[in-house]
Amino acid sequence: MTPSRADAAMRVGLWLGLVRCLMPALSGRGVRRASDGHPQTGPVGIRGLLADTRPLSVPAFRRLWTANIVTVVGAQLTVVAVPAQIYAQTGSSAYVGLTGVFGLVPLVVFGLYGGALADVFDRRTILLVTTSGLIATSALFWVQAAAGGIGVWPLLCLFSVQQAFFAVNQPTRSAVLPKLLPLDLLPAANSLNMTVMQAGAIAGPLAAGVLIPVVGLEWLYLVDTVTLFATLSAVVRLPRLPVLGVPAGAPGVRAVVDGFAYLRHQPVLLMSFVVDIVAMVFGMPRALFPEMADLDFGGPSEGGLAFALLFAAIPAGAVLGGVLSGWVSRVDAHGRAVIVCILVWGLAITGFGVAVGLADLRGDGWQHLMLGVALAMLMVGGAADMASAAFRQAMLQGAASDDVRGRLQGVFIVVVVGGPRIADTAHGAAAAAVGTAAAAAGGGVLVVVGTVVAALAVPSFVRYRVTRGPADRTG
């Protein structure tokens, strides 16, 4: 076979693999596992579409997940309260915008360094320290608000300290899951966690918007402080989670660099970050929502229903995708699943951009119809993004060795946080040049193209399958 024919055959094989990955969902049949671990096929039905709750049968995970339900809502109250307090004190959106800088820098720095800490010290100890730090900073927010507030710069610094504790806590929490759960339950566990996070991202701001005029900022901070004790209780009851076989002493910059060096030699894990960056940088159009709501869907220049619906659509789709995530546990081909989910995300964003472009063609009724289509596309994209993230997290947790899981989860946090912020800048510049609809639709097309190129460039990523087995008890 000539090289050109071999290359063509490889491409055909990859596309056939993607089709086979979708076939169980299209046929209404899925893969089930007998007690001996061998696959069994059978009709999935409605029950099989709902979220796989088997991870909740593990007491340690169940306690963490249940505590997270109340903790996430409390955390979102503070996420809203801090900008609201800064604006109330200064009347300046520029000062409010500084929360992005004061929040992003510690997330990046301590996300990477916190992952290195999680690869050396007992992870239960790290969770105890960082959860206590989050409680302390939330309590300080409450004290200062009850006392009448402090200056904007001390407030921003306190916010940065809280984000630093969060940045160390999150990679550590993700890194412990392979110690608590069998590898084949990691996608389901990640879906359950992300469903709670996305639901909190909707419920928290809504509750905050209602409660701030009624009870004041100090009560929101107090609720956040109290709810964090639920997580602290769950962490206290965890077993010891040491990482054996690592050198003693606190890690430095070299440990972070070694984590990136490890990633460079793991093409499957590296590509999990590359495809996510492609999806977020090219495909996240949230910076365009205010202009779209105003000019394309006839909303007011500040806020309004269309504005709120556009911002809520992707998280709402992610929650719906989480509720209907029962299928993720029946998929072994995680690499193909990630590619398919990101392609769906890209196509959905393309459809969203087209709907925005068509909204101006006729009157109000047509605008409302196109708004409905745009929201549906964003919800489909949100569901696909949730599934993609669940599989990518499972790949990082299952394929990486235990002594680098923390650092890779730190990189994951940085990519998740940084990607959309880069997208905000890129989409804003593109919209100024070609308009909002073309910027969004073109971004979706670039997601599809970039994902296909990545799949063809690293076929080992597409071929990656989970190895089913018990929880990783090593270390």
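Let me start with a term: a residue is buried under 20% relative accessible area, exposed over 50%, and partly exposed in between, with a 1.4 Å probe and protein chains only. The model I am showing is predicted, so local features need pLDDT of at least 70 and side-chain atom pairs count only at pLDDT 80 or more, while totals for chains, interfaces and linings use all residues. Residues are numbered from 1 along each chain as its sequence is written, and side-chain values use heavy atoms, with hydrogens and water left out.

First, the overall picture. The protein has 18 helices and two strands; these are DSSP runs, H or I of at least four residues for helices and E of at least two for strands, numbered from the N terminus. Of its 475 residues, 50% count as buried. A contact means heavy atoms within 4.5 Å. Among contacts between residues at least 6 apart in sequence, 86% join residues at least 24 apart.

Now helix H10, residues 253-264. Its buried residues are Ala255, Val256, Gly259 and Leu263. Seen down the helix axis, they fall within an arc of 105 degrees, so they line one face of H10; the arc is taken over the directions from the axis to the C-beta atoms. The face turned away from that side carries Val253, Arg254 and Arg264, which are exposed. As for length, the 12 residues of H10 should span 16 Å at 1.5 Å a residue, and the end C-alpha atoms are 17 Å apart, which agrees. The expected span is 1.5 Å times one less than the number of residues.

Helix H6, residues 152-175, reaches 35 Å from its first C-alpha to its last, close to the 34 Å expected. Of its 24 residues, 18 are buried, so H6 is largely enclosed by the rest of the structure.

Next, the cores. A nonpolar core is a set of buried Ala, Val, Leu, Ile, Met, Phe, Trp, Tyr and Cys residues joined through side-chain atoms within 4.5 Å. The largest one has 48 residues, and those with the most contacts inside it are Met292, Phe297, Leu310, Trp345, Phe352 and Phe461. Elements giving two or more residues to this core include H11, H12, H13 and H14. H14 supplies the largest share, 10 residues. Setting aside residues up to four places away in sequence, Met292 touches Phe297, Leu310, Phe352, Val356, Thr436 and Ala440. A second, separate core has 28 residues, among them Val58, Leu128, Leu134 and Leu228.

Gly381 sits in H15 and is buried, at a relative accessible area of 0%. Beyond four places in sequence, Gly381 is in contact with Trp345 and Ala348. Its C-alpha is 8.2 Å from that of Leu347, 34 residues apart along the chain.

Which helix does H3 pass in a right-handed crossing? That is H8; right-handed means that the near helix is turned clockwise from the far one by less than a right angle. H3, residues 59-90, and H8, residues 186-215, pack at an angle of about 35 degrees with axes 7 Å apart. The axes are lines fitted to C-alpha atoms over the stretch in contact, and angles run from 0 to 180 degrees between N-to-C directions. Residues that meet there include Trp65 and Val72 in H3, and Val196 and Gly200 in H8.

Last, Thr130 in helix H5 counts as buried at 4% relative accessibility, and touches Phe165, Val168 and Asn169, not counting residues up to four places away in sequence.
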